Amino acid sequence: MEILATEPLPGKINYFRGKDPAQWRTDVPTYKSVLYREAYPGIDLKFYGAGQQVEYDLIIKPGADPKQVKFLYQGIKALKVTKDGDLTISLPDGGKLVQKKPVIYQDIDGRRISRAGKFRLLPGKHGYGF
C-alpha cells in the first residue's frame, strides 16, 4: 500500500510544542486529502475534509470486489444501520455518531450513474462493510 498526501493547500502549519526548539516543526505543508493506494486489491481509499467533517471515498477499479472492504471499531458499544440506511455508532458515554448512507455511483463515458448499495454489519464484531 502506498500513502500519498494529495491536492496541496496554500497554508502551512507550525507546531510549537514544549520548550525545546529542536522539537518544533515549522512550515509544515497541508493537503486537501490523503490517498491510500491499493488499501485493498483494486481499491483505493481517500480521506478528505468536507466542512467540519472527515469523509472518505472508496475508489473501486473494474473487477475489484467491494465486499472485501471492512472497517472495524474499537471501544464502542454498538453499530446499527437505520431504516434510512445511515450507520449509527453508539459510544460508551451514551453519545452517538452517524455516518450517512453511502452515495454510490459509477462514471461511464463522462456520465455519473447512481448504483445501489448499503452498509453491511459484520457478524460478531463492531465492524461494517458495504
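# A guided look at the strands, core and pocket

Visitor: In β4, which residue is the bridge partner of Asp44?
Guide: Strands are DSSP runs of E, at least two residues long and numbered from the N terminus, and two strands pair if DSSP finds at least two bridges between them. Here β3 and strand β4 (residues 53-60) run antiparallel, joined by 8 bridges. Within β4, the residue bridged to Asp44 is Ile59.

Visitor: Before we go on, what kind of model is this?
Guide: Residues are numbered from 1 along each chain as its sequence is written, and side-chain values use heavy atoms, with hydrogens and water left out. Local features need pLDDT of at least 70 and side-chain atom pairs count only at pLDDT 80 or more, while totals for chains, interfaces and linings use all residues, since this is a predicted model.

Visitor: Which residue has a positive phi in the turn between β3 and β4?
Guide: β3 and β4 form a hairpin, with 2 residues between the two strands. The turn residue with a positive phi, about 65 degrees, is Gly51.

Visitor: Is Ser33 buried or exposed?
Guide: Ser33 lies in strand β2 (residues 25-40). Buried means under 20% relative accessible area, exposed over 50%, and partly exposed in between, with a 1.4 Å probe and protein chains only. Because its relative accessibility is 1%, Ser33 counts as buried.

Visitor: Which side chain joins Ser33 in a polar contact of 2.3 Å?
Guide: A polar contact is a pair of N or O atoms within 3.5 Å; within protein, one must be able to donate a hydrogen and the other to accept it, and residues adjacent in sequence count only if both atoms are side-chain atoms. The Ser33 side chain makes such a contact with the side chain of Glu7 at 2.9 Å. The partner at 2.3 Å is Thr6.

Visitor: How exposed is Asp109, as a relative accessible area?
Guide: Asp109 sits in the loop between β9 and β10 (111-114). Its phi, near 50 degrees, is a positive value in a residue other than glycine. Asp109 counts as exposed because its relative accessible area is 77%.

Visitor: How many residues make up the largest nonpolar core?
Guide: A nonpolar core is a set of buried Ala, Val, Leu, Ile, Met, Phe, Trp, Tyr and Cys residues joined through side-chain atoms within 4.5 Å. Members of the largest one include Ile43, Leu45, Leu87, Ile89 and Phe119. β3 (43-50) and β7 (87-90) each supply at least two residues of this core.

Visitor: Which residue of β8 stands opposite Leu87?
Guide: β7 and β8 run antiparallel, with 4 bridges between them. In their hairpin, 5 residues lie between the strands and Gly94 takes a positive phi near 95 degrees. Opposite Leu87 stands Gln99.

Visitor: What is the order of strands in the open sheet of 3 strands?
Guide: Its edge strands, β5 (71-72) and β11 (120-121), each pair on one side only. β11 and strand β12 (residues 127-129) run antiparallel and are joined by 2 bridges, and Leu121 has Tyr128 as its bridge partner in β12. The pairing in this sheet is antiparallel, and the order is β5-β12-β11.

Visitor: Which strand gives the largest share of the lining of the largest pocket?
Guide: A pocket is an open set of points on a 1 Å grid over the protein atoms alone, where a 1.4 Å probe fits and protein lies on both sides within 12 Å along at least five of seven lines; lining residues have an atom within 4 Å of a point. Of the 31 lining residues, the closest to the centre are Asp57, Leu58, Pro102, Val103 and Ile104. β3, β4, β8 (96-99) and β9 (105-108) each supply at least two residues of the lining. The largest share, 8 residues, comes from β4.
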